[in-house]
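Please open the model in your viewer and follow the stops below in order.

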Amino acid sequence: MTTRTVSALIPGQPTQDGNRVPLTRLVPGRGQHGSEAFRAMDPFLLMDHFGPMVLPPGTDAGFPPHPHRGFQTLTYLIQGAFRHRDSTGGSGLLRPGGAQLMNAGAGIVHEEMPVPEQLETGGPIEGVQLWINLPKAHKGSAPGYTDLQPEAMPWTPLPGGRIRVLAGTWAGVTGPAVTPAKVAYAHLELEAGAAFEQAVPAAWTAAVVPLRGSVRIGSQEVAADTVALLGAGDLLALEATSPASLMLLAGEPLREPIAHYGPFVMNTPAEIEQAIRDYQQGRMGHLE
Ligand code: MN
């Protein structure tokens, strides 16, 4: 097998979104939008790491109602709680170790807001939201929402660590999230000095994103809140150089044109203009 080395290191960009939620935008990353490195993340469009932070009591930090069309969001919560509601009538409570998979498809309006208890007391919050592109043939699909409970994707012990598999197969464990784009996604925790390796199809995009601590891939050290995009090969191999928490992502590129405007990701500028009109005219629904 050929071990993949790091082809690009993309530093995350501290920013805010929603109601003043501080986060690190890992994909596209600083100055990377439209770049070769961004295109090389195909089929992944965006990755935000929010927290870890402690919200003060009374905070309404969250994401009030907004639309999406043309892709999917996979939101994974590490600490805290979020309440999701959407225009299809979907709602759910996101708990630590759980995730929600939302298909924006032809169009959806949703919100993700703190739970009432957290509004009163404040508390820690940390999570990762990943945007996964939809193939052209699925961009008009019915919108919907699936809760992935923590029990459906428990930690699996590994030598020197543990892994929680959200999608695809890692360490022989298959995760519950199924998406039209073929993807594999997992949260890995390792003790300092522990190693991990996994076969990944040579044609797939692969990246490693430490959320905490650092890892070494080949001779390259990768710090927290940095995307290490991997080059050619069929084996992902890394070693933790400090106690580390990291996301592993891999996926088959769609290789389709991308037209992106805010919350809409389509194939052509005309489809973006149509999405804006459809949202403004209420055709993506509204929250009850
Ligand atoms: Mn959203």
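How many Å² does the accessible surface of the protein chain come to? The accessible surface is about 11,800 Å², and carbon and sulfur atoms hold 54% of it; such areas come from the Shrake-Rupley method with a 1.4 Å probe, and for residues only the protein chains shown count as cover. This is a predicted model, in which local features need pLDDT of at least 70, side-chain atom pairs count only at pLDDT 80 or more, and totals for chains, interfaces and linings use all residues. Residues are numbered from 1 along each chain as its sequence is written, and side-chain values use heavy atoms, with hydrogens and water left out.

Next, display the whole chain as a cartoon. It contains three helices and 26 strands (DSSP runs, H or I of at least four residues for helices and E of at least two for strands, numbered from the N terminus). The C-alpha trace spans about 55 × 45 × 35 Å along its principal axes.

Now select the manganese ion. Its protein donors are His66 (NE2), His68 (NE2) and His110 (NE2), lying 2.1 Å from it. Donors are N, O and S atoms within 2.8 Å of the metal (3.2 Å for Na, K and Ca); water is not among the atoms, so sites may look incomplete. Along the chain, these donors follow the spacing H-x1-H-x41-H.

Finally, select Val227. Apart from its neighbours within four places in sequence, Val227 is in contact (heavy atoms within 4.5 Å) with residues including Ala8, Leu26, Met41 and Val209.
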